[in-house]
Amino acid sequence: MRTTRLPYVTFHEDPAEAETVSHRLMLRGGYVRKVAGGLYDFLPFGARVLRRVERIVREEMDRAGAFEILMPALQPAEMWEKTGRWEKYGKELFRLTDRHDRSFALGPTHEEVVTELASGLLNSYRQLPVTLYQIQTKFRDEMRPRFGLMRGREFVMKDAYSFARSKEEGAECYRIMQEAYFRIFARLGLSVRMVEADTGNIGGYSSHEFMVLAPSGEDTVVFCGSCRYASNVELAGAATHCPLCQAPLERTTAIEVGHVFDLGDRYSAPMEAGFLDPDGRETLFHMGCYGIGVSRLLAAAIEQSHDDAGIIWPTAMAPFAVAVLPLGGRDAELSEKALRIAGLLEERFPEEVLVDDRDLRAGVKFADADLCGFPIQVILGEKGLRENRAEIKVRSSGERNTVDLSALSEWIA
Ligand code: ATP
Ligand code: MG
Ligand code: MG
Ligand code: MG
């Protein structure tokens with residue numbers, strides 16, 4: 001991909017409204033643009049990162065045996081009345097009426113819709129357990145939409161729901177999802193901590209959150225230095241000592257990127273959703289639900305990985321893994337050579353190479369590549385090109401190496 005063919009627009013001034021590093025860098029790097037409070041356009045780089053995160057989430061959900069579905073964002077109020085959440089959810093629920101005066105919600109989550117679906121679809125114990133998931137836009141009328149993608153009013157979530165025959169089988173579904181979550185975050189290059197959490201608006205019996213530790217996080221977690229205990233303070237209250245081993249607790253701020261719930265019959269009971277057991281008895285589903293803030297992950301990753309110059313993407317999330325910076329000036333022969341080298345790299349690493357062919361000073365290209373956070377920069381300067389050498393800069397360490405052109409691909413791989 002050539003930068004001259006896409007709207008590669010960066011800003012070197014800090015946008016006034018951005019309070020967090022990730023918000024600032026995503027606006028400056030041309031990843032997103034604000035439409036209104038809590039509503040953002042994803043520009044080409046932002047959309048690519050989003051798709052990459054989605055792909056990894058999808059692969060790991062599939063690997064864990066979950067099935068992808070897609071439910072409507074628009075949900076009839078009757079379903080929410082059955083579970084009592086039409087009242088209980090409060091102002092965060094976007095409500096609207098259609099031309100016939102029927103009430104609807106714009107889905108902030110999908111327990112009601114998916115429970116109704118399962119109740120029609122899964123009738124026998126032989127079909128269970130089943131986990132269904134979707135990656136979809138959610139709507140929440142947040143009291144304080146802020147920090148860019150961190151707290152939007154419209155955002156992308158992966159939500160999964162498990163339907164099991166018993167509490168024990170439900171616990172197994174829950175464990176499989178927890179494992180999938182650890183794999184997802186590891187593949188994304190994020191360091192996360194799992195903590196015990198409050199069940200909040202979703203309800204159910206117990207839950208765990210997946211937290212990216214960061215100063216800008218809106219949650220506070222406590223964890224024990226001596227044992228494995230870790231909890232959101234929403235649950236631990238004001239505890240200062242570990243309830244398991246009495247050691248003093250450490251306290252830090254964190255960003256919630258995922259949340260898993262053991263729902264039991266919280267939804268299957270009011271919606272009378274169940275299956276026939278081997279003796280032909282009506283039995284309620286034991287359910288679980290599992291969310292990942294897909295768009296929030298972009299912000300969380302940047303909060304965890306950046307420096308003064310800009311974003312430092314983990315390779316799996318970067319819009320392009322490699323930025324080629326031809327600096328051959330106006331020499332036509334050298335420019336052509338640079339593009340040829342870039343073309344070879346594109347063949348070797350499809351979808352991963354961005355060529356900055358803009359007619360700009362080297363300093364601007366360097367600054368933009370650092371700002372946007374491409375993991376590897378291949379610098380093709382005039383002297384190097386004449387001597388068949390390239391300079392490679394690793395964004396995360398700042399390390400630079402001069403490499404023979406014939407060894408370039410191997411070095412990058
Ligand atoms: P928070 O405590 O931050 O408000 P939540 O507990 O209300 O989040 P859940 O209902 O658990 O959120 O939703 C699952 C995931 O969706 C969260 O773990 C989070 O990563 C993401 N998420 C929730 N609200 C937003 C939002 N307004 N903007 C972006 N992502 C969000
Ligand atoms: Mg919330
Ligand atoms: Mg929360
Ligand atoms: Mg939550």
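Let me begin with helix α1, residues 21-28, where eight of the eight residues are buried, so the helix is largely enclosed by the rest of the structure. A residue counts as buried if 20 or more other C-beta atoms lie within 10 Å of its own, as exposed if 12 or fewer do, and as partly exposed in between, with the C-beta atoms placed from the backbone. Helices here are DSSP runs of H or I with at least four residues, strands are runs of E with at least two, and they are numbered from the N terminus.

Before I go on, please keep in mind that this is a predicted model, in which local features need pLDDT of at least 70 and side-chain atom pairs count only at pLDDT 80 or more, while totals for chains, interfaces and linings use all residues. Residues are numbered from 1 along each chain as its sequence is written, and chains are lettered from A and ligands numbered from 1 in the order in which they are written.

Back to α1, then. The buried residues of this helix are V21, S22, H23, R24, L25, M26, L27 and R28, and what covers them includes β1 (32-36), α2, α8, β17 (306-307), β18 (310-311) and α10 (362-372). For contacts, the rule is that the C-beta atoms of two residues, placed from the backbone, lie within 7 Å. After α1 comes G30, which has a positive phi, near 75°.

Now for the chain as a whole. The protein chain has twelve helices and 23 strands, and its C-alpha trace spans about 80 × 55 × 45 Å along the principal axes. Of its 413 residues, 42% count as buried. If we take the contacts with a separation of 6 or more, residues 24 or more positions apart account for 69% of them.

Next, helix packing. Two packed helices are described by the angle between their axes and the distance between the axes. The axes are lines fitted to C-alpha atoms, for helices over the stretch in contact, and the angles run from 0 to 180 degrees between N-to-C directions.

How do the axes of α2 and α6 cross? Helix α2 (residues 44-63) and helix α6 (residues 167-187) have axes that come within 9 Å and cross at roughly 150°. That makes α2 roughly antiparallel to α6, given that angles under 35 degrees count as roughly parallel, over 145 as roughly antiparallel, 65 to 115 as roughly perpendicular and the rest as oblique. The crossing of α2 past α6 is right-handed; a crossing has that name if the near helix is turned clockwise from the far one by less than a right angle, and is left-handed if anticlockwise. On the α2 side the contact is made by I56, V57, E60 and M61, and on the α6 side by A180, R183, I184 and R187. These residues divide into five nonpolar, no polar and three charged, where Ala, Val, Leu, Ile, Met, Phe, Trp, Tyr, Cys and Pro count as nonpolar, Asp, Glu, Lys and Arg as charged, and the others, Gly among them, as polar.

Helix α2 also packs with α8, at an angle of about 115° and with the axes 9 Å apart. These two helices are therefore roughly perpendicular to each other, and their crossing is right-handed. Here V49, L50, V53, E54 and V57 in α2 meet V294, S295, L297 and L298 in α8, a set that divides into seven nonpolar, one polar and one charged.

Helix α8 brings us to the ligand. Which elements each supply at least two residues of the shell around ligand 1? They are β8 (154-164), β13 (249-264), β16 (286-293) and α8 (294-304), and β13 gives the most, with four residues. There are 17 residues around ligand 1, of which F155, H259, G291, G293 and R296 come nearest; a residue is near a molecule or strand if its C-beta atom, placed from the backbone, lies within 6 Å of it. The shell divides into four nonpolar, eight polar and five charged residues.

Finally, some loops. A cis peptide bond, with omega about 0°, joins L128 and P129, and P129 lies in the loop between α5 (111-121) and β7 (130-139). E351, in the loop between α9 (332-348) and β20 (353-355), has a positive phi near 70° although it is a residue other than glycine, and it is exposed, with 11 other C-beta atoms within 10 Å. N388, which is not a glycine, has a positive phi of about 60°, and with 12 C-beta neighbours inside 10 Å it counts as exposed.
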